[in-house]
Amino acid sequence: MNPVEKGGRSGHGRLWNAALFLAVVSGLGTLGFVLAPAAPAPKERSITVRAHRYGYDPKIIRVNRGDRVRLRFVSEDVTHGFYLEGYDLDVSIPPMHPSVEWRKPSQPGKLKVIDEVAFTADREGKFRYRCSMTCGFLHPFMLGEFIVSPNRLLPVSLGLTWGVLVGGFLVVVLKGTHK
Amino acid sequence: MSTRSRQASPEIVPGSHQIPDTLQTVDAKEWRLDLFRCAPPLKRIARLRWFQFAAVFPNLLIFLLFISAGIFGTPVGNRNIMIIFVWILWWFLLISAMVPFASRIWCAMCPFPFFGEWFQRRALVRVAAIDPKKEKKGGPGSVIGRNRYFGLNRRWPKALSNIWIQNFLFLALCTFSALFLTRPIVSVVVLSSIFLTATIFHLIYRQRAFCNYVCPVSGFLSLYSMASMLEVRSRDREVCDECKEKACLAGSERAWGCPWFMYPSKMERNNYCGLCMECVKACAHDNMTVNLRPFCSDTRLKGYDEAWKAFIMLSLATTYSIIYLGPWGFLKDWANIAESGKWGGFLAYTAVLWASALLLVPGIYYGAVWIGKRLAGDCEVSFKDAFLGLAYPLVPLGLLAWIAFSFPLMLVNGSYILMTLSDPFGWGWDLLGTSHIAWTPVVPHWTPYIQVLFLLVGLYYALTTGYAQARKLFGSEAAVKAFTPVAILLTACVSCFAWLYGG
């Protein structure tokens, strides 16, 4: 039986539909990747993070890839933590005190008391910072966002998402045309 | 695919006659894998009289341990086994593994109806059966079918034979999620209340009326089990049609009649099957089995109650993602009323949640279906049929959205499981030597990617099942037009989630 006559249900028809669908999805995903705005030249950023039950101020930190980031911390109530995903960085912030305890989660046991944490934002994307010191009932949900541009996750995700719709639509329409 | 490759391949091919006897097609498009034929030990286990007791009783003991930990243990949520095992581990397993791959298997091992069902049956394992030909229906208790039950055994009111109660109860419960997700004693109150209510309802109403119509957990399990890859079904309908005994429905000396008020041999959807396996035990023709099947095989919502459950679940997944996974501390304060005392914020949060779940999301969906129906032109499809048919895509989308929400909770907080296993009450014990391990999130920086992947899978299934529904309702010609507005809405919804998780 002709694969086209069978409405794409035969092996070849299915394969063609799947290839078309994946081509559209990956094409739009790639488009999202390409269209993501490039990061400007790196610079130095000094930010004071104020922690309180159950949030941070600023709640979203936006930097560019390559920026040198200097973070100072203040806790407004109890001891909080600042665990930054993807950057091997964990800080314990005592209340109303300028110094913090800094450690690398990958190297347990080594602690440093410092006033400022400095690092280079060399990984792009969206990362969350979370409280790592049990601070109250909603402690597990105390978090903020560290966004390093170019954050390609969003444009790629949107490209893939709409690619699923457009790809599916094309498969259906072309199948109808063949019929 | 060539004929040769069809014959060579062990996989099922629609329309092919080269099907192993463990596989059977329900229609030309769908395959079924008969697990009882593939793995006979599974059938032997399912037919054991004490199978369900063996599944429920350990869970009952664990539940009592959790209740004890909630009452006597530390009030710090992430150090108490009640919070970590129920709301992190159990929830994760339920939504990410049990529901998608094993339907309502949780209902088969749930401890809530344990005492109620015991009182009803006055038996934990054996069956109380009568032979209507020889025995009069008098005597203690009531006879339903061929089984004898105790308690009042009232019929559940017909007007309430839907999941509206579950919808409202679940929404009400979830409004206070910030309290019971984080405070062991509040979890004790919530879970004990459900346990007590289940017991009382079993004493008043017959069989599993509580599970079918009241239990707040059961409501979303019934909805999302439609997508599950597991089902209990009859092998051959003709055997059922010719069967005079109907033991799956009426019970027998081998098994209780279906406690879920289903007629198992005619069952077409997973929604109200608790996988208790009584029908498997009851069937004298060995005609009931457990099948593996494609994801999203049940595609028919039967009423507005089920559609609204889908709206409620999607709204809750969105709200929870914003509150619990978002950076907005003031929203957490609003939801966390017992600590923050911000009543204005709490009322605003509650109003937005309830309005979204019950009015806004359904309203937008209603608009999309209405436009689609207009675009499809004159047709004889009623609006209710179109609405229910096109609301089905919210089942796979909602389920995957919930998995996307739950996954990071497990990855980030999973290490608490080891800690609380060693020190369940938070009393400083170290039973397994793991109570002092550091909180260690597992690949937390990958979570946005994983979440987006789940959402894309959900969208794929939402669009394919939605389009299939549109074809059934409107025919091939008008299906694209009818489904386009809903498809755009679903894609926009996933885009919002993608922004929330990755933007």
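## Where chain A meets chain B

In this predicted model, 35 residues of chain A are in contact with 37 residues of chain B, two residues being in contact if their C-beta atoms, placed from the backbone, lie within 7 Å. On the side of chain A that touches chain B, the elements giving two or more residues are β10 (125–130), β11 (143–149) and α2 (153–178) of chain A, and the largest share, 12 residues, comes from α2(A). Helices (H or I, at least four residues) and strands (E, at least two) are DSSP runs, numbered from the N terminus.

By class, this side of chain A has 18 nonpolar, 11 polar and 6 charged residues, where Ala, Val, Leu, Ile, Met, Phe, Trp, Tyr, Cys and Pro count as nonpolar, Asp, Glu, Lys and Arg as charged, and the others, Gly among them, as polar.

## Numbering and confidence

Residues are numbered from 1 along each chain as its sequence is written, while chains are lettered from A and ligands numbered from 1 in the order in which they are written. Since the model is predicted, local features need pLDDT of at least 70 and side-chain atom pairs count only at pLDDT 80 or more, whereas totals for chains, interfaces and linings use all residues.

## The overall form of chain B

Chain B has 23 helices and 6 strands. Its radius of gyration is 24 Å, close to the 23 Å that the globule rule gives for 503 residues, so chain B is as compact as a globular protein of that length; the radius is taken over C-alpha atoms, and the rule is 2.2 Å times the number of residues to the power 0.38. Along the principal axes, the C-alpha atoms of chain B fill a box of roughly 65 × 60 × 50 Å.

Buried residues make up 49% of the 503 residues in chain B; a residue is buried if 20 or more other C-beta atoms lie within 10 Å of its own, exposed if 12 or fewer, and partly exposed in between. Among contacts in chain B between residues at least 6 apart in sequence, 74% join residues at least 24 apart.

Helix α12 (residues 216–224) and helix α16 (residues 304–325) of chain B pack at an angle of about 105°, with their axes 10 Å apart. That angle makes α12(B) roughly perpendicular to α16(B), a label for angles of 65 to 115 degrees. Here Gly219(B), Phe220(B) and Leu223(B) of α12(B) meet Glu306(B), Lys309(B), Ala310(B) and Met313(B) of α16(B).

Val395(B), which lies in helix α21 of chain B, counts as buried, with 28 C-beta neighbours inside 10 Å. Leaving aside its neighbours within four places in sequence, Val395(B) is in contact with Leu223(B), Tyr224(B), Met226(B), Ala227(B) and Ala310(B).

## The buried side of helix α22

In helix α22 (residues 415–422) of chain B, the buried residues are Tyr416(B), Met419(B) and Thr420(B). They cover an arc of only 90° around the axis, which puts them on the same side of α22(B). What covers these buried residues includes α5 (81–102) and α21 (394–413) of chain B.

## Backbone details in the loops

Two peptide bonds of chain A are cis: the one from Arg53(A) to Tyr54(A), with omega near -10°, and the one from Asp57(A) to Pro58(A), with omega near 5°. Tyr54(A) is found in the loop between β1 (44–52) and β2 (55–57), and Pro58(A) in the loop between β2 and β3 (60–64).

How values were computed. The arc is that of the directions from the helix axis to the C-beta atoms. Axes are lines fitted to C-alpha atoms, for helices over the stretch in contact, and angles run from 0 to 180 degrees between N-to-C directions. Angles under 35 degrees count as roughly parallel, over 145 as roughly antiparallel, 65 to 115 as roughly perpendicular and the rest as oblique.
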